[in-house]
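The structure is shown first.

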Amino acid sequence: MPYAIYHFPPNFRWGVATASHQVEGDNKRNQWWNWEQQPGRIAEGHRSGLACNWWQNAEADFDYAMSMGLTSLRLSIEWSRVEVAPGEIDTTALDRYREMLQALKDRGITPMVTLHHFSDPLWLAQKGGWSNPAVISYFSHYVEQVVQALGEFATCWCTLNEPNVYASLGYIRGVFPPGEQNIKKAALVLRHMLQAHAAAYKLIHRLQAAASVGLAHNIRFFDPVNPRSPRDRMVARIQDLWFNRTTTAAIWNGIWLPPVGYGPAFGMRHTLDWIGLNYYTRDLIAYDKNAGPGYGRVERTPDAELMDGGYGEFYPEGLARALRRLARLGIPIHITENGIPDTDDDQRPRALLLHLYHLWRALQGNIPVQSYHHWTLVDNFEWAEGWTLPFGLIEMDLRTQKRKSRPSADLYAAIARGNAITPELIDAYAPELRPLLLPV
Ligand code: FCB
């Protein structure tokens, strides 16, 4: 019987990722809270409410993370708590974050701190949010306060989470606040976010010698439904350019791609110490002149395995593809998010094993991936989908706040502790993968 073990590099970090608004609870001062009060905005009329109660007791979930053998935890700082009105800093909020970061340290867990993860202070939203060029200096001021207050506990900073998703869902699809459908504005928002990233990158390095600064970039593949159709190929390529390539072109290559801009992106080149990858799925795209901006319609092949809740195609190979693409930048990569919505945990163990197998393959090809953060530790408020998409390794009953481990949590813990995928784990959690992962 062959006994292959997929070992990961000795210093590889295993973690989970979260975001303030999705877990803290009672974030009443941001634009999402406001959005949740409007009828029809969130699936089934759900609200974030108390969320996972992290503002009171993140420590209980940090205990779970520690008991699972995790060494990294990505969390975000809620701008609306820190800066309650323009220029007005609430130091008690910063104290609470210091307490949380100390709690992680006590548990041997290194934090990765995201400075902006989709939620904006309401006062900023009322000034036009990220479509207002003033946001760049507002963001810098906030970042300065956070890095000064928390720099003692953190050196790994993620400026922004998924500017491409924020701009697309808020300003093209209109399913995130402010619910607009305006391509020009989406491009402007993305441009300001990338400029704010570059400014924050430089600022953080001025404030902290040991800082390591990056951004979490969502890569989603857009493949032509019919690879022989020039029109399908063209629309898939347009979506790929807009969604996947503009971000790294600006902040790594120093080039604006249309529609975000044209030509050199001054002062933006090489403003990354690492790039974060958030990977979930891909779309197959067909040309359709009625499909709105980009003329691409999403299709699924009949044999495609789908994820729960309409979340898209189950496509673990995409992780390796995304890593190969990012490897061209020649800088370290962190997997800042990867996961699957799955209430009954019937797909997640296999999803975990397959994604980690593709990660392992990328590592064998010398792609410098330093960490993997699973999205997410505990079921949380999934934005416009409310509580309908449970991404947690741990299940949470919203009414009682009771947690219950899913089998995937045990699998992930075993992988993290052993820093390896063993045949025993494959046999115990997804024996159907034996032919692929352990061919005789
Ligand atoms: C990502 C977001 C994260 C979470 C996952 C499922 O796009 O960054 O907050 O919603 O999707």
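**Entry 1: the ligand**

I sorted the shell around the ligand by class and found six nonpolar, five polar and three charged residues. For these classes I took Ala, Val, Leu, Ile, Met, Phe, Trp, Tyr, Cys and Pro as nonpolar, Asp, Glu, Lys and Arg as charged, and the others, Gly among them, as polar. I note that this is a predicted model, in which local features need pLDDT of at least 70, side-chain atom pairs count only at pLDDT 80 or more, and totals for chains, interfaces and linings use all residues. Residues are numbered from 1 along each chain as its sequence is written, and side-chain values use heavy atoms, with hydrogens and water left out.

Which residues come nearest to the ligand? Of the 14 around it, they are Gln22, His117, Asn161, Glu162 and Glu382; a residue is near if one of its heavy atoms lies within 4 Å.

I then looked up polar contacts (pairs of N or O atoms within 3.5 Å; within protein, one must be able to donate a hydrogen and the other to accept it, and residues adjacent in sequence count only if both atoms are side-chain atoms). The side chain of Gln22 has an N or O atom 2.8 Å from an oxygen atom of the ligand. For His117, a polar side-chain atom is 2.7 Å from a ligand oxygen, and for Glu382 the distance is 2.7 Å. Taken alone, the ligand exposes 290 Å², and the protein buries 96% of that; accessible areas come from the Shrake-Rupley method with a 1.4 Å probe, and for residues only the protein chains shown count as cover.

**Entry 2: the pockets**

I searched a 1 Å grid over the protein atoms alone: a cavity is a set of points where a 1.4 Å probe fits but cannot get out, a pocket is an open set with protein on both sides within 12 Å along at least five of seven lines, and lining residues have an atom within 4 Å of a point. Grid points are joined across faces, edges and corners, and a volume is the space filled by probe spheres set on the points.

Where is the ligand? The space it takes is the largest pocket; a molecule sits in a pocket or cavity if more than half of its atoms lie within 2 Å of its grid points. I read a volume of about 1,300 Å³ for the largest pocket. Its lining has 43 residues, and Ser168, Leu169, Arg173, Arg220 and Phe243 are the closest to its centre.

The second largest pocket has a volume of about 250 Å³. It is lined by 17 residues, with Gln31, Ala125, Gln126, Pro177 and Pro178 nearest its centre. Helix 2 gives the most to this lining, with three residues; helices (H or I, at least four residues) and strands (E, at least two) are DSSP runs, numbered from the N terminus.

**Entry 3: the cavity**

I found one cavity of 30 Å³ or more. Its lining includes Thr18, Trp54 and Tyr97, and the lining residues divide into six nonpolar, three polar and one charged.

**Entry 4: the backbone**

Most residues other than glycine have a negative phi, and most peptide bonds are trans. I noted a cis peptide bond between Pro177 and Pro178, with omega about 5°. Pro178 lies in the loop between helix 8 and helix 9 (183–207). Another cis bond joins Pro258 and Pro259, with omega about 5°. Glu162 has a positive phi, near 45°, and lies in the loop between strand 7 (156–161) and helix 8.
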